[in-house]
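I'd like to walk you through one model, going from the overall picture down to a few residues. Have a look at this while I talk.

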Amino acid sequence: MVIHCLVHLDHGFWQLKEVSCSLGWKRRMKMEKDEESHWANTTSVSEFILLGFSSHPKTQLLLFVLFLAIYLATLFGNSLLIALVKTDSRLHTPMYFFLANLSFLDISYTTTTVPQMLVHLLSTKRSISYVACVAQMYIFLSLGISECMLYAVMAYDRYVAICHPLRYTVIMNRSVCIKMAIGFWVCGFFFATLIASFTMRLPYCNLNEINHFFCEVPAILKLACADTHLTELVVFVTSVIMLLIPVSLILISYVFILEAILRISSAEGRFKTFSTCSSHITVVTIFYGAGIFTYMRPASSYSPERDKKFSLLYNVVSALLNPLIYSLRNKEVKAAVLKMMGKTDH
């Protein structure tokens, strides 16, 4: 650019233009260096610090014992159900096929977050690498969204079994069940990819303390040093699809189921069926209620301490309750347990 100025202008202006052009060139270089430095700073976060729960040693020890007991009980209950469904031919039905999928999801779901939380409760170092944080968030979202869809599939299965018992085996045949299973797994990984890509494309500044016990999207977005409105919109729209639509389908299914229950002539039969359905609705309410509260409210209302408690509901508590409420109270499962123990059922 300096040569260009010297060629086309007369001698009286050469020096002036040379200085001006040189200053402009230096200014542009400085701006480029500043921009490179800015992006280097915003993307320099190599790890996050998970603040978790209380920092008081006695409280941490108590929480460690509590969450370890819950985690082991979750592993035992869900693993037992998977083993029973696999080994006992009486449980080779659509309902137990989906329950085995639910148990596998719950084991994977809790294993994504709880072991790390247990380690951090006993350690002073609570860091997680950037890559590990992204992986944890993605896996957690994939499994969580898949479970959202699975609950709706299970409600439909119960609707067909109670409202159309004679056509149940025809409607819910093996091919249909496998396609449904593939469907909710694919939905989980697709929408998780969408949310994770929008979340992690944002620059993250030197603030790297996540006030949570795992890498959850709302907590991570608080650290972004750029406009998060587009990402928040994507999360909200995805939540509408993955939370409100399944909840609506579940409610519709249970309305028809309730009508069928009221037509049962036996009072004992009505009570038994209603008791089973009410326990199912309780688990669904805990799971979806906590999920809707976490992902479908304005970012301005984010409260770390409160949100950690809600995350425990759909991450830890529901996984513990599912095998107890959905399966281990059933007569068929009890018979399968006795058979596994080498006893005969009467």
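Predicted model: local features only at pLDDT ≥ 70, side-chain atom pairs only at ≥ 80, totals over all residues.

The protein has twelve helices and three strands. Of its 346 residues, 44% are buried. The accessible surface comes to about 18,600 Å², and carbon and sulfur atoms account for 69% of that surface. On contacts, if you take those between residues at least 6 apart in sequence, 79% join residues at least 24 apart.

Now to helix α4, residues 94-121. How many of the 28 residues in α4 are buried? The count is 23, so the helix is mostly covered, with buried meaning under 20% relative accessible area. From first C-alpha to last, α4 reaches 40 Å, close to the 40 Å expected for its 28 residues at 1.5 Å a residue. And where does α4 bend? At T111, by about 40°. There's a proline following within four residues of that, P115. I'm putting those two side by side and leaving it there.

Stay with α4 and go to L121, the residue where the range 94-121 stops. L121 counts as buried because its relative accessibility is 5%, and the cut-off is 20%. Which residues does L121 contact, once you leave aside neighbours within four places in sequence? Those are Q60, L63, F64 and F67. There's also S55, which is 66 residues away from L121 in sequence but 8.3 Å away in space, C-alpha to C-alpha.

Now look at helix α3, residues 57-87, and find N78 in it. N78 is buried, at a relative accessible area of 1%. Setting aside residues up to four places away in sequence, N78 touches S103, D106, I107, A319 and P323.

Beyond its neighbours within four places in sequence, S318 is in contact with F287 and L313.

Okay, the core. As a bit of background, in soluble globular proteins nonpolar side chains tend to be buried together. Here, the largest nonpolar core has 90 residues. Which of them touch the most other members? F67, Y151, Y204, I210 and Y288. Helix α5, residues 130-163, gives this core its largest share, with 16 residues. Y288 has quite a list of its own: leaving aside neighbours within four places in sequence, Y288 is in contact with E147, C148, M149, Y151, A152, M242, L243, P246, V247 and I250. Notice that Y151, another of the residues touching the most other core members, is on that list.

On to charges. How many salt bridges are there? The count comes to three. One joins the side chains of D88 and R90, at 3.1 Å from N to O. In that pair, D88 is buried at 3% relative accessible area, whereas R90 counts as partly exposed at 38%.

Another one pairs R158 with D157, at 3.0 Å, N to O. Are these two buried or exposed? Both R158 and D157 are buried.

Then there's R306 with D307, at 3.9 Å from N to O. Why does that one make the count? Because the rule asks for a side-chain nitrogen of Lys or Arg within 4 Å of a carboxyl oxygen of Asp or Glu, and this pair is at 3.9 Å. R306 is partly exposed, at 34% relative accessibility, while D307 is buried, at 2%.

Last stop is H164, in the loop between α5 and α6. H164 is partly exposed, with a relative accessible area of 27%. The C-alpha of H164 is 9.7 Å from that of A260, and the two residues are 96 apart along the chain.

That's my tour. Happy to go back to any of it.

Terms used:
Residues numbered from 1 in each chain as written. Heavy atoms only, no water. Helix = DSSP H or I, 4+ residues; strand = E, 2+ residues; numbered from the N terminus. Buried < 20%, exposed > 50% of the residue type's maximum accessible area, 1.4 Å probe, protein only. Contact = heavy atoms within 4.5 Å. Core = buried A, V, L, I, M, F, W, Y, C linked by side-chain atoms within 4.5 Å. Expected span 1.5 Å × (residues − 1). Bend = angle between axes of the 7 residues up to and from the residue. Areas by Shrake-Rupley, 256 points an atom, 1.4 Å probe, with all protein chains shown as cover.
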